[in-house]
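Morning, everyone. Please look at the screen, and I'll walk you through this one.

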Amino acid sequence: MDYQKAFADIVSQQLVRLEKLKQDNVAIDYKKLDKIIIGIIGGDGIGPAITAQAHRVLEELLSDEVAEGKVEFRTITGLTIENRAKAQKAIPDSVLEEIKMCHVLLKGPTTTPRKGDIWGNIDSANVEMRKQLDLFANVRPVKVPDEGIDWTFFRENTECLYAMGGQGVDINDDLAIDFRVITTPGTRRIAKQAFEYAKNNDKTKVSIVTKANIVKKTDGKFLEVCKEVAKDYPGIEVDDWYIDIMTAKLIDPNRRTQFQVLVLPNLYGDILTDEAAEFQGGVGTAGSANIGNKYAMFEAIHGSAPRMVEEGREIYADPCSVMRAGVMLLSHIGYQTQADKLAKALDICTITERKIVLTGKPDGATNSEFSDYILATTKNM
Ligand code: NAD
């Protein structure tokens with residue numbers, strides 16, 4: 001293979017991307033829109049069942065706004081593994097068009113085929129959506145009040161090893177090279193999101209996580225740009241950590257309560273946020289936000305659980321994670337009262353009261369019974 005040409009092509013593509021990044025720096029203002037369009041994407045496996053329940057709850061909480069024409073819900077059914085396999089595309093064109101007509105999206109999990117699966121080699125719909133909609137900030141809150149844990153992670157979502165994940169080069173049978181990219185504007189915008197969030201939510205500290213002592217160019221740039229952005233936020237304390245020791249310190253009960261907002265490149269963020277979610281009861285309990293300047297997508301952080309569907313158990317799948325994503329969506333588009341209501345109802349129904357319990361099996365409630373419980377709880381507030 002002509003690897004020198006492959007390298008040159010990659011550099012050219014990234015230079016074009018860099019120029020676009022420099023120009024795209026104005027975020028959408030939802031207050032200025034006549035109507036906010038919320039797309040509901042069921043996805044695969046247990047996705048349609050749990051997302052339908054979250055949709056029901058959001059429609060109810062925003063019923064006045066829907067009646068007044070300020071909010072519209074649109075259900076997008078085409079992002080299934082069957083349709084994606086048929087089109088041999090991570091997101092079929094017509095579905096992408098529908099998605100781009102919405103302002104924000106609530107998304108169920110989507111299956112990503114593995115090598116040898118019947119679906120062929122289709123890329124992840126999530127990775128494609130992040131690229132297509134330029135969803136550069138992956139925001140994941142993790143809270144365990146009893147243990148003093150209240151963390152918000154800002155994982156950069158478009159760069160690092162993921163920017164060119166499929167473009168690695170086999171130089172020969174024994175030598176493989178992948179590429180990692182970090183840019184100044186790409187880092188600046190995620191750092192700004194993290195510091196703005198800290199400022200607006202009474203947080204006093206932002207921790208930057210890299211491995212800049214070893215990965216000197218890319219992580220070095222990430223750390224340097226974050227520190228530069230920090231200068232605009234004099235009231236916020238900044239510290240920096242290496243990813244290895246940060247992974248250890250999340251387990252240290254004395255140290256971990258000191259972390260508040262964390263900002264980190266894509267791969268470290270991917271790994272650290274799964275570790276963090278485990279403190280809260282596992283990946284099924286957390287929601288996640290993918291935010292860009294023009295679009296935002298909110299989703300459960302677990303997958304499509306195909307085995308539950310094969311065993312006919314999708315009606316028992318837990319909708320809490322996608323509902324927690326719904327809380328973030330409401331807050332993001334400016335409906336904080338409704339977001340607080342839903343968050344409180346989820347805490348009551350899953351922690352303090354637990355009148356109806358989901359087990360994932362027929363000995364527990366169905367997700368529709370659980371949603372009735374959530375709705376009844378919000379009405380009593
Ligand atoms: P998974 O999260 O789908 O399932 C692991 C196990 O967790 C399941 O067998 C089930 O027992 C349990 N579980 C998950 N969600 C649950 C829920 N809401 N209620 C009750 N139990 C639940 O992980 P996996 O098996 O590794 O992945 C399956 C597919 O999902 C893969 O194709 C993967 O690529 C995809 N995936 C998608 C996303 C996404 O769209 N954001 C994220 C992760 C995985």
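Let me start with a definition. When I sort residues into classes, Asp, Glu, Lys and Arg count as charged. Ala, Val, Leu, Ile, Met, Phe, Trp, Tyr, Cys and Pro count as nonpolar. The others count as polar, and Gly is among them. One caution: this is a predicted model.

Now use those classes on the ligand. How do the residues of the shell around the ligand divide? There are 6 nonpolar, 7 polar and 3 charged. That shell has 16 residues, and T110, N126, G303, A305 and D318 come nearest.

Take A305 again. A backbone N or O atom of A305 sits 2.7 Å from a ligand oxygen. Side chains take part too. In K107, a side-chain N or O atom is 3.3 Å from an oxygen atom of the ligand. In H302, a side-chain N or O atom is 3.2 Å from a nitrogen atom of the ligand. And how much of the ligand does the protein bury? Alone, the ligand exposes 820 Å², and the protein buries 61% of that.

Next, step back to the domains. Domain 1 comes in two stretches, 24-135 and 292-381. Domain 2 is 144-280. Over C-alpha atoms, their centres are 25 Å apart.

Where the domains meet, 6 residues of domain 1 contact 7 residues of domain 2. About 560 Å² is buried between domain 1 and domain 2. Carbon and sulfur atoms give 39% of that area.

What about polar links? The interface has 3 residue pairs in polar contact. It also has 1 salt bridge. Which residue forms a salt bridge with D134? R189 does, with the closest N and O atoms 3.0 Å apart. Back to our classes: the side of domain 1 that touches domain 2 has 4 charged residues, 2 nonpolar and no polar.

Notes. Residues are numbered from 1 along each chain as its sequence is written. This is a predicted model: local features need pLDDT of at least 70, side-chain atom pairs count only at pLDDT 80 or more; totals for chains, interfaces and linings use all residues. Side-chain values use heavy atoms; hydrogens and water are left out. Domain bounds come from an automatic or database domain assignment. Contact means heavy atoms within 4.5 Å. Buried area is the accessible area (1.4 Å probe) that two parts lose on being put together, summed over both. A salt bridge is a side-chain nitrogen of Lys or Arg within 4 Å of a carboxyl oxygen of Asp or Glu. A polar contact is a pair of N or O atoms within 3.5 Å; within protein, one must be able to donate a hydrogen and the other to accept it, and residues adjacent in sequence count only if both atoms are side-chain atoms. A residue is near a molecule or strand if one of its heavy atoms lies within 4 Å of it. Accessible areas come from the Shrake-Rupley method with a 1.4 Å probe; for residues, only the protein chains shown count as cover.
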